[in-house]
Amino acid sequence: MKSGNKVLVTVLLLFGLLMVALVSAVIVSVGGDVSVGANVAIIPIEGTILSSGASFNDVASSETIIKDIKKAEDTPSIKAVMFVINSPGGSAVASDEIARAIRDMEKPTVAVVKEVGASGAYWVASATDHVVANRMSVTGSIGVISSYLSFGEFLEDWNVTYNQLIAGDRKDVGTPFRELDESEREYLQEKLDAIHEFFIEDVAKYRNKSVEDIRGLADGSIYLGSEAYNHGLIDELGGETEAKHWINSTLGIEPVTVEYKHEPTLVDVLAGLQAPTLSVEGVNVPLAR
Amino acid sequence: MDFYKELSLPRIRVMQRPASLGKRTASFVLDLLLLRFIILAPLVSFTDRIGVLWIIALLVLAYFTLFEYLLGQTPGMRIMNINAGELKLRQALVRNLPFFPVLPFPFLLLLELAYLLTRGKRFTERLSKTATTEEVTV
(Lines give C-alpha, C1' and ligand atoms only; values in the text may rest on other atoms or scores of the structure.)
Protein backbone atom coordinates (compact mmCIF):
# COMPACT_ATOMS: atom_id res chain seq x y z
CA MET A 1 0.00 0.00 0.00
CA LYS A 2 1.33 3.46 -0.89
CA SER A 3 2.39 5.76 1.92
CA GLY A 4 -0.33 8.29 1.14
CA ASN A 5 -3.02 5.62 1.24
CA LYS A 6 -1.63 4.35 4.54
CA VAL A 7 -1.99 7.81 6.08
CA LEU A 8 -5.54 8.06 4.77
CA VAL A 9 -6.49 4.66 6.16
CA THR A 10 -4.90 5.57 9.51
CA VAL A 11 -6.82 8.81 9.74
CA LEU A 12 -10.10 7.20 8.66
CA LEU A 13 -9.70 4.35 11.13
CA LEU A 14 -8.86 6.69 14.03
CA PHE A 15 -11.80 8.88 13.10
CA GLY A 16 -14.10 5.87 12.87
CA LEU A 17 -13.08 4.57 16.30
CA LEU A 18 -13.44 8.03 17.81
CA MET A 19 -16.91 8.35 16.33
CA VAL A 20 -17.92 5.04 17.87
CA ALA A 21 -16.68 6.29 21.25
CA LEU A 22 -18.45 9.64 20.87
CA VAL A 23 -21.75 8.11 19.83
CA SER A 24 -21.52 5.63 22.71
CA ALA A 25 -20.84 8.49 25.13
CA VAL A 26 -23.82 10.45 23.82
CA ILE A 27 -26.11 7.44 24.09
CA VAL A 28 -24.94 6.70 27.61
CA SER A 29 -25.24 10.31 28.78
CA VAL A 30 -28.73 10.72 27.30
CA GLY A 31 -29.81 7.40 28.69
CA GLY A 32 -29.04 8.53 32.19
CA ASP A 33 -27.27 6.64 34.90
CA VAL A 34 -27.40 2.93 34.36
CA SER A 35 -24.77 1.94 36.90
CA VAL A 36 -25.60 -1.44 38.16
CA GLY A 37 -27.87 -1.00 41.17
CA ALA A 38 -26.69 2.56 41.99
CA ASN A 39 -29.34 4.63 43.79
CA VAL A 40 -27.26 7.43 45.33
CA ALA A 41 -25.26 9.86 43.23
CA ILE A 42 -22.12 11.31 44.75
CA ILE A 43 -21.25 14.76 43.43
CA PRO A 44 -17.83 15.91 44.61
CA ILE A 45 -17.19 19.58 45.28
CA GLU A 46 -13.44 19.98 45.53
CA GLY A 47 -11.32 23.07 45.21
CA THR A 48 -12.22 26.70 44.73
CA ILE A 49 -15.83 27.23 43.70
CA LEU A 50 -16.02 29.24 40.50
CA SER A 51 -18.55 29.65 37.71
CA SER A 52 -16.39 27.89 35.16
CA GLY A 53 -13.06 26.16 34.89
CA ALA A 54 -11.78 22.64 34.66
CA SER A 55 -12.67 20.42 37.61
CA PHE A 56 -9.31 18.69 37.63
CA ASN A 57 -7.52 22.03 37.98
CA ASP A 58 -8.55 22.38 41.65
CA VAL A 59 -11.70 24.23 40.61
CA ALA A 60 -15.26 23.22 41.48
CA SER A 61 -17.16 24.60 38.54
CA SER A 62 -20.76 25.56 39.28
CA GLU A 63 -21.57 24.94 35.63
CA THR A 64 -20.41 21.34 35.88
CA ILE A 65 -21.95 20.72 39.30
CA ILE A 66 -25.35 22.04 38.24
CA LYS A 67 -25.25 19.75 35.20
CA ASP A 68 -24.52 16.82 37.51
CA ILE A 69 -27.40 17.86 39.76
CA LYS A 70 -29.73 17.87 36.78
CA LYS A 71 -28.41 14.49 35.66
CA ALA A 72 -29.09 13.04 39.09
CA GLU A 73 -32.59 14.54 39.16
CA ASP A 74 -33.39 13.15 35.72
CA THR A 75 -32.10 9.64 36.44
CA PRO A 76 -34.98 7.54 37.76
CA SER A 77 -32.74 5.01 39.52
CA ILE A 78 -31.07 7.73 41.61
CA LYS A 79 -33.07 8.31 44.80
CA ALA A 80 -30.76 10.67 46.70
CA VAL A 81 -27.67 12.81 46.15
CA MET A 82 -24.62 13.08 48.38
CA PHE A 83 -22.36 16.13 47.99
CA VAL A 84 -18.85 15.38 49.21
CA ILE A 85 -17.30 18.74 49.96
CA ASN A 86 -13.65 19.62 50.37
CA SER A 87 -13.46 23.29 49.45
CA PRO A 88 -12.42 26.58 51.06
CA GLY A 89 -15.17 28.41 49.20
CA GLY A 90 -14.90 30.71 46.24
CA SER A 91 -17.08 32.93 44.14
CA ALA A 92 -20.26 34.20 45.79
CA VAL A 93 -22.18 33.91 42.54
CA ALA A 94 -21.07 30.34 41.86
CA SER A 95 -21.76 29.26 45.45
CA ASP A 96 -25.24 30.78 45.33
CA GLU A 97 -25.96 29.13 41.99
CA ILE A 98 -25.10 25.69 43.34
CA ALA A 99 -27.03 26.27 46.59
CA ARG A 100 -30.14 27.31 44.66
CA ALA A 101 -29.87 24.31 42.37
CA ILE A 102 -29.71 22.05 45.44
CA ARG A 103 -32.75 23.73 46.99
CA ASP A 104 -34.69 23.22 43.78
CA MET A 105 -34.07 19.48 43.87
CA GLU A 106 -36.93 17.19 44.73
CA LYS A 107 -34.72 14.30 45.79
CA PRO A 108 -33.16 14.21 49.28
CA THR A 109 -29.69 15.67 49.55
CA VAL A 110 -26.93 15.27 52.09
CA ALA A 111 -23.62 17.09 52.36
CA VAL A 112 -20.49 15.44 53.75
CA VAL A 113 -17.81 17.96 54.69
CA LYS A 114 -14.30 16.54 54.61
CA GLU A 115 -11.27 18.62 55.65
CA VAL A 116 -12.75 22.01 54.66
CA GLY A 117 -16.24 23.18 53.87
CA ALA A 118 -15.98 26.87 54.61
CA SER A 119 -17.43 30.09 53.29
CA GLY A 120 -18.97 29.53 49.84
CA ALA A 121 -18.62 25.77 50.36
CA TYR A 122 -20.60 26.08 53.61
CA TRP A 123 -23.17 28.17 51.71
CA VAL A 124 -23.59 25.15 49.41
CA ALA A 125 -23.61 22.59 52.25
CA SER A 126 -26.25 24.51 54.21
CA ALA A 127 -28.63 24.18 51.26
CA THR A 128 -28.78 20.40 51.59
CA ASP A 129 -31.32 18.53 53.71
CA HIS A 130 -28.71 17.09 56.05
CA VAL A 131 -25.15 18.25 56.74
CA VAL A 132 -22.53 15.88 58.12
CA ALA A 133 -19.02 16.94 59.04
CA ASN A 134 -16.09 15.45 60.86
CA ARG A 135 -15.58 16.89 64.35
CA MET A 136 -12.35 18.46 63.05
CA SER A 137 -13.65 19.69 59.70
CA VAL A 138 -13.19 23.40 59.11
CA THR A 139 -16.51 24.99 58.35
CA GLY A 140 -18.36 28.26 58.87
CA SER A 141 -16.43 31.35 57.75
CA ILE A 142 -19.69 33.11 56.90
CA GLY A 143 -18.12 36.26 55.50
CA VAL A 144 -17.01 37.98 52.31
CA ILE A 145 -13.57 39.13 51.27
CA SER A 146 -12.28 41.14 48.38
CA SER A 147 -8.68 42.19 48.00
CA TYR A 148 -6.12 43.28 45.46
CA LEU A 149 -2.60 44.62 45.36
CA SER A 150 -2.31 48.37 45.01
CA PHE A 151 0.64 49.80 43.10
CA GLY A 152 -0.30 53.46 43.46
CA GLU A 153 2.54 54.44 45.83
CA PHE A 154 5.01 52.24 43.95
CA LEU A 155 4.26 54.09 40.73
CA GLU A 156 4.64 57.44 42.51
CA ASP A 157 8.03 56.40 43.88
CA TRP A 158 9.19 55.60 40.38
CA ASN A 159 7.72 58.76 38.87
CA VAL A 160 5.27 56.82 36.77
CA THR A 161 2.12 58.75 36.04
CA TYR A 162 -1.25 57.03 36.00
CA ASN A 163 -3.57 58.52 33.38
CA GLN A 164 -7.03 57.10 32.97
CA LEU A 165 -9.86 58.78 31.12
CA ILE A 166 -13.26 57.78 32.41
CA ALA A 167 -16.86 58.76 31.96
CA GLY A 168 -18.62 57.96 35.20
CA ASP A 169 -16.89 58.96 38.44
CA ARG A 170 -16.68 55.47 39.85
CA LYS A 171 -15.68 53.66 36.70
CA ASP A 172 -12.11 53.09 37.87
CA VAL A 173 -12.86 52.38 41.51
CA GLY A 174 -10.63 49.53 42.59
CA THR A 175 -7.97 50.09 39.97
CA PRO A 176 -4.63 48.89 41.32
CA PHE A 177 -2.83 51.93 39.95
CA ARG A 178 -4.00 54.40 42.57
CA GLU A 179 -5.09 54.34 46.17
CA LEU A 180 -8.73 54.16 47.20
CA ASP A 181 -10.09 57.31 48.77
CA GLU A 182 -12.43 57.11 51.75
CA SER A 183 -15.67 57.45 49.79
CA GLU A 184 -14.60 54.74 47.36
CA ARG A 185 -13.67 52.46 50.24
CA GLU A 186 -17.11 52.96 51.77
CA TYR A 187 -18.71 52.37 48.39
CA LEU A 188 -16.99 48.98 47.93
CA GLN A 189 -17.62 48.05 51.54
CA GLU A 190 -21.37 48.57 50.95
CA LYS A 191 -21.22 45.99 48.16
CA LEU A 192 -19.43 43.47 50.35
CA ASP A 193 -21.93 44.08 53.15
CA ALA A 194 -24.80 43.46 50.75
CA ILE A 195 -23.31 40.15 49.63
CA HIS A 196 -22.68 39.24 53.26
CA GLU A 197 -26.34 39.90 54.03
CA PHE A 198 -27.43 37.63 51.18
CA PHE A 199 -25.14 34.94 52.55
CA ILE A 200 -26.55 35.29 56.09
CA GLU A 201 -30.16 35.30 54.91
CA ASP A 202 -29.68 32.21 52.79
CA VAL A 203 -27.96 30.23 55.55
CA ALA A 204 -30.72 31.26 58.00
CA LYS A 205 -33.38 30.12 55.53
CA TYR A 206 -31.62 26.85 54.70
CA ARG A 207 -30.88 25.99 58.34
CA ASN A 208 -34.31 27.08 59.64
CA LYS A 209 -32.80 29.63 61.97
CA SER A 210 -33.39 33.33 62.52
CA VAL A 211 -31.29 35.83 60.65
CA GLU A 212 -30.14 37.25 64.02
CA ASP A 213 -28.88 33.84 65.16
CA ILE A 214 -26.82 33.40 62.01
CA ARG A 215 -25.62 37.00 62.02
CA GLY A 216 -24.18 36.36 65.47
CA LEU A 217 -22.06 33.58 63.94
CA ALA A 218 -21.26 35.37 60.70
CA ASP A 219 -18.21 37.43 61.59
CA GLY A 220 -16.08 35.25 59.32
CA SER A 221 -15.06 32.88 62.10
CA ILE A 222 -14.30 29.32 61.17
CA TYR A 223 -15.84 26.57 63.26
CA LEU A 224 -14.58 23.07 63.71
CA GLY A 225 -17.18 20.43 63.04
CA SER A 226 -17.80 19.92 66.76
CA GLU A 227 -18.36 23.67 67.23
CA ALA A 228 -20.54 23.92 64.16
CA TYR A 229 -22.68 21.09 65.52
CA ASN A 230 -23.17 22.94 68.81
CA HIS A 231 -24.14 26.11 66.93
CA GLY A 232 -26.62 24.23 64.75
CA LEU A 233 -24.71 24.89 61.56
CA ILE A 234 -24.49 21.15 60.81
CA ASP A 235 -26.75 18.21 61.66
CA GLU A 236 -24.42 15.37 62.49
CA LEU A 237 -20.81 14.54 63.19
CA GLY A 238 -19.32 11.85 61.02
CA GLY A 239 -18.61 11.10 57.40
CA GLU A 240 -19.95 9.17 54.46
CA THR A 241 -21.03 6.26 56.62
CA GLU A 242 -23.29 8.49 58.67
CA ALA A 243 -24.59 10.12 55.51
CA LYS A 244 -25.52 6.71 54.12
CA HIS A 245 -27.26 5.83 57.40
CA TRP A 246 -29.30 9.03 57.08
CA ILE A 247 -30.29 8.11 53.54
CA ASN A 248 -31.21 4.63 54.69
CA SER A 249 -33.33 5.93 57.57
CA THR A 250 -34.98 8.61 55.42
CA LEU A 251 -35.76 6.57 52.33
CA GLY A 252 -35.59 2.99 53.58
CA ILE A 253 -33.10 2.03 50.88
CA GLU A 254 -29.69 0.46 51.06
CA PRO A 255 -27.44 3.12 49.47
CA VAL A 256 -25.42 1.98 46.47
CA THR A 257 -23.36 4.90 45.27
CA VAL A 258 -22.08 6.07 41.94
CA GLU A 259 -19.71 9.01 41.75
CA TYR A 260 -20.08 11.57 39.01
CA LYS A 261 -16.46 11.94 38.07
CA HIS A 262 -14.95 14.19 35.47
CA GLU A 263 -11.69 13.00 33.98
CA PRO A 264 -9.59 15.39 31.90
CA THR A 265 -9.06 14.76 28.22
CA LEU A 266 -5.86 15.85 26.55
CA VAL A 267 -7.66 18.99 25.37
CA ASP A 268 -8.75 19.75 28.95
CA VAL A 269 -5.19 19.32 30.22
CA LEU A 270 -3.85 21.72 27.63
CA ALA A 271 -6.69 24.23 28.16
CA GLY A 272 -6.27 24.02 31.94
CA LEU A 273 -2.72 25.32 31.69
CA GLN A 274 -4.24 28.79 31.67
CA ALA A 275 -5.16 29.68 35.25
CA PRO A 276 -8.74 30.93 35.78
CA THR A 277 -8.85 34.70 36.18
CA LEU A 278 -10.68 36.39 38.99
CA SER A 279 -10.47 40.05 37.97
CA VAL A 280 -13.28 41.83 36.21
CA GLU A 281 -12.41 45.29 34.92
CA GLY A 282 -9.72 45.76 37.54
CA VAL A 283 -11.93 44.95 40.55
CA ASN A 284 -11.60 41.54 42.08
CA VAL A 285 -14.73 39.48 42.04
CA PRO A 286 -15.87 39.33 45.64
CA LEU A 287 -15.15 35.94 47.08
CA ALA A 288 -17.37 34.44 49.76
CA ARG A 289 -14.34 33.55 51.89
CA MET B 1 38.03 -3.78 -7.69
CA ASP B 2 34.66 -2.33 -6.81
CA PHE B 3 32.66 -5.39 -5.89
CA TYR B 4 29.46 -3.45 -5.64
CA LYS B 5 29.78 -2.10 -9.17
CA GLU B 6 31.09 -5.33 -10.69
CA LEU B 7 28.44 -7.53 -9.15
CA SER B 8 25.64 -4.90 -9.38
CA LEU B 9 25.04 -5.11 -5.65
CA PRO B 10 23.17 -2.22 -3.96
CA ARG B 11 25.51 -0.16 -1.78
CA ILE B 12 22.84 0.18 0.86
CA ARG B 13 20.72 -2.82 1.78
CA VAL B 14 17.58 -2.80 3.90
CA MET B 15 16.91 -5.94 5.86
CA GLN B 16 14.24 -7.04 8.28
CA ARG B 17 15.05 -8.35 11.73
CA PRO B 18 12.85 -9.13 14.76
CA ALA B 19 11.74 -5.93 16.43
CA SER B 20 13.58 -5.12 19.63
CA LEU B 21 11.88 -5.21 23.03
CA GLY B 22 12.48 -1.48 23.41
CA LYS B 23 10.72 -0.59 20.17
CA ARG B 24 7.84 -2.95 20.86
CA THR B 25 7.38 -1.42 24.34
CA ALA B 26 7.63 2.14 23.07
CA SER B 27 5.10 1.51 20.30
CA PHE B 28 2.69 -0.07 22.80
CA VAL B 29 3.00 2.91 25.14
CA LEU B 30 2.35 5.30 22.27
CA ASP B 31 -0.72 3.35 21.25
CA LEU B 32 -2.02 3.37 24.82
CA LEU B 33 -1.60 7.15 25.02
CA LEU B 34 -3.44 7.59 21.74
CA LEU B 35 -6.23 5.33 22.97
CA ARG B 36 -6.51 6.94 26.41
CA PHE B 37 -6.40 10.61 25.48
CA ILE B 38 -8.07 10.66 22.09
CA ILE B 39 -10.17 7.66 21.16
CA LEU B 40 -11.45 6.70 24.61
CA ALA B 41 -11.55 10.27 25.97
CA PRO B 42 -15.34 10.68 25.49
CA LEU B 43 -15.98 7.56 27.56
CA VAL B 44 -13.74 8.07 30.60
CA SER B 45 -16.47 9.84 32.56
CA PHE B 46 -18.70 6.79 32.32
CA THR B 47 -16.36 4.01 33.44
CA ASP B 48 -18.62 3.19 36.37
CA ARG B 49 -21.03 1.53 33.93
CA ILE B 50 -20.55 -2.02 32.82
CA GLY B 51 -21.84 -1.36 29.31
CA VAL B 52 -19.26 1.36 28.80
CA LEU B 53 -16.46 -0.90 30.03
CA TRP B 54 -17.43 -3.43 27.37
CA ILE B 55 -17.44 -0.74 24.69
CA ILE B 56 -13.97 0.35 25.80
CA ALA B 57 -12.68 -3.23 25.73
CA LEU B 58 -14.03 -3.79 22.21
CA LEU B 59 -12.63 -0.46 21.00
CA VAL B 60 -9.18 -1.39 22.31
CA LEU B 61 -9.30 -4.76 20.56
CA ALA B 62 -10.66 -3.16 17.37
CA TYR B 63 -7.88 -0.56 17.41
CA PHE B 64 -5.03 -3.06 17.53
CA THR B 65 -6.69 -5.66 15.30
CA LEU B 66 -7.93 -3.39 12.52
CA PHE B 67 -4.74 -1.38 12.26
CA GLU B 68 -2.60 -4.49 11.99
CA TYR B 69 -5.02 -6.15 9.55
CA LEU B 70 -5.38 -3.13 7.26
CA LEU B 71 -1.93 -1.60 7.50
CA GLY B 72 0.30 -4.16 9.16
CA GLN B 73 1.07 -1.69 11.92
CA THR B 74 -0.62 0.46 14.53
CA PRO B 75 0.18 4.20 14.73
CA GLY B 76 2.60 3.46 17.58
CA MET B 77 4.34 0.80 15.50
CA ARG B 78 4.51 3.22 12.57
CA ILE B 79 6.23 5.82 14.71
CA MET B 80 8.73 3.23 15.97
CA ASN B 81 9.15 1.86 12.45
CA ILE B 82 8.18 -1.72 13.24
CA ASN B 83 5.79 -3.81 11.24
CA ALA B 84 3.73 -6.97 11.47
CA GLY B 85 3.55 -7.45 7.71
CA GLU B 86 0.49 -8.50 5.74
CA LEU B 87 -1.96 -10.30 8.00
CA LYS B 88 -5.24 -12.07 7.67
CA LEU B 89 -7.99 -10.88 9.98
CA ARG B 90 -7.83 -14.05 12.05
CA GLN B 91 -4.09 -13.62 12.52
CA ALA B 92 -4.48 -9.98 13.56
CA LEU B 93 -7.17 -10.97 16.04
CA VAL B 94 -5.11 -13.75 17.62
CA ARG B 95 -2.04 -11.49 17.92
CA ASN B 96 -4.00 -8.88 19.85
CA LEU B 97 -6.09 -11.02 22.17
CA PRO B 98 -3.81 -10.25 25.15
CA PHE B 99 -4.72 -6.56 24.73
CA PHE B 100 -8.42 -7.30 25.08
CA PRO B 101 -8.96 -6.02 28.63
CA VAL B 102 -11.42 -8.71 29.64
CA LEU B 103 -10.41 -11.67 31.78
CA PRO B 104 -8.80 -14.06 31.12
CA PHE B 105 -7.07 -12.52 28.09
CA PRO B 106 -4.82 -10.08 30.00
CA PHE B 107 -3.17 -13.08 31.65
CA LEU B 108 -1.73 -13.85 28.22
CA LEU B 109 0.45 -10.76 28.65
CA LEU B 110 2.59 -12.65 31.15
CA LEU B 111 3.06 -15.47 28.68
CA GLU B 112 3.82 -12.96 25.96
CA LEU B 113 6.55 -11.34 28.03
CA ALA B 114 8.08 -14.67 28.99
CA TYR B 115 8.19 -15.79 25.35
CA LEU B 116 9.56 -12.46 24.20
CA LEU B 117 12.38 -12.49 26.72
CA THR B 118 13.35 -16.10 26.10
CA ARG B 119 12.61 -16.67 22.41
CA GLY B 120 12.62 -13.20 20.86
CA LYS B 121 8.99 -13.30 19.75
CA ARG B 122 5.57 -13.18 21.42
CA PHE B 123 3.51 -16.27 22.21
CA THR B 124 0.62 -15.02 20.08
CA GLU B 125 2.99 -14.37 17.19
CA ARG B 126 3.95 -18.03 17.32
CA LEU B 127 0.27 -18.98 17.58
CA SER B 128 -0.70 -16.83 14.60
CA LYS B 129 2.44 -17.63 12.65
CA THR B 130 3.35 -13.97 12.30
CA ALA B 131 6.26 -11.80 13.31
CA THR B 132 6.94 -8.19 14.21
CA THR B 133 10.00 -6.86 12.46
CA GLU B 134 12.00 -3.70 12.11
CA GLU B 135 14.00 -2.49 9.17
CA VAL B 136 17.71 -2.10 9.48
CA THR B 137 20.03 -0.57 6.96
CA VAL B 138 23.16 -2.55 6.22
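Mentor: Contact here means heavy atoms within 4.5 Å. Please keep in mind that this is a predicted model.

Trainee: With which residues is A:I142 in contact, leaving aside its neighbours within four places in sequence?

Mentor: The partners of A:I142 include A:Y122, A:H196, A:F199, A:I200 and A:V203. Also among them are A:I214, A:A218, A:D219, A:G220, A:S221 and A:L233.

Trainee: Which residues of helix 2 of chain B are buried, and why do they line one face of the helix?

Mentor: An α-helix has 3.6 residues a turn, so residues three or four places apart point the same way. Helix 2 of chain B, residues 21-39, has 19 residues and reaches 26 Å from its first C-alpha to its last, close to the 27 Å expected. Its buried residues are B:R24, B:S27, B:D31, B:L34, B:L35 and B:I39. Viewed down the axis of helix 2 of chain B, these buried residues fall within an arc of 95°, and therefore they line one face.

Trainee: How many salt bridges are there over all chains?

Mentor: Side chains of opposite charge can pair when their charged atoms come close. The count over all chains is 14 salt bridges. One of the pairs is A:E184 with A:R178, at 2.7 Å from N to O. A:E184 counts as buried because its relative accessibility is 7%, under the 20% cut-off. A:R178, at 22%, counts as partly exposed.

Trainee: Where in chain A do A:D235 and A:R207 lie?

Mentor: These two residues form a salt bridge, with the closest N and O atoms 2.9 Å apart. A:D235 lies in the loop between helix 8 and strand 9, and A:R207 in the loop between helix 6 and helix 7, so the pair ties together parts 28 residues apart in sequence. A:D235 is partly exposed, at 30%, whereas A:R207 is buried, at 11%.

Trainee: Are B:R122 and B:E112 buried or exposed?

Mentor: Both B:R122 and B:E112 are buried, and their side chains meet in a salt bridge of 2.8 Å, N to O.

Key
Residues are numbered from 1 along each chain as its sequence is written. Chains are lettered from A and ligands numbered from 1 in the order in which they are written. This is a predicted model: local features need pLDDT of at least 70, side-chain atom pairs count only at pLDDT 80 or more; totals for chains, interfaces and linings use all residues. Side-chain values use heavy atoms; hydrogens and water are left out. Helices (H or I, at least four residues) and strands (E, at least two) are DSSP runs, numbered from the N terminus. The expected span of a helix is 1.5 Å times one less than its number of residues. Buried means under 20% relative accessible area, exposed over 50%, partly exposed in between (1.4 Å probe, protein chains only). The arc is that of the directions from the helix axis to the C-beta atoms. A salt bridge is a side-chain nitrogen of Lys or Arg within 4 Å of a carboxyl oxygen of Asp or Glu.
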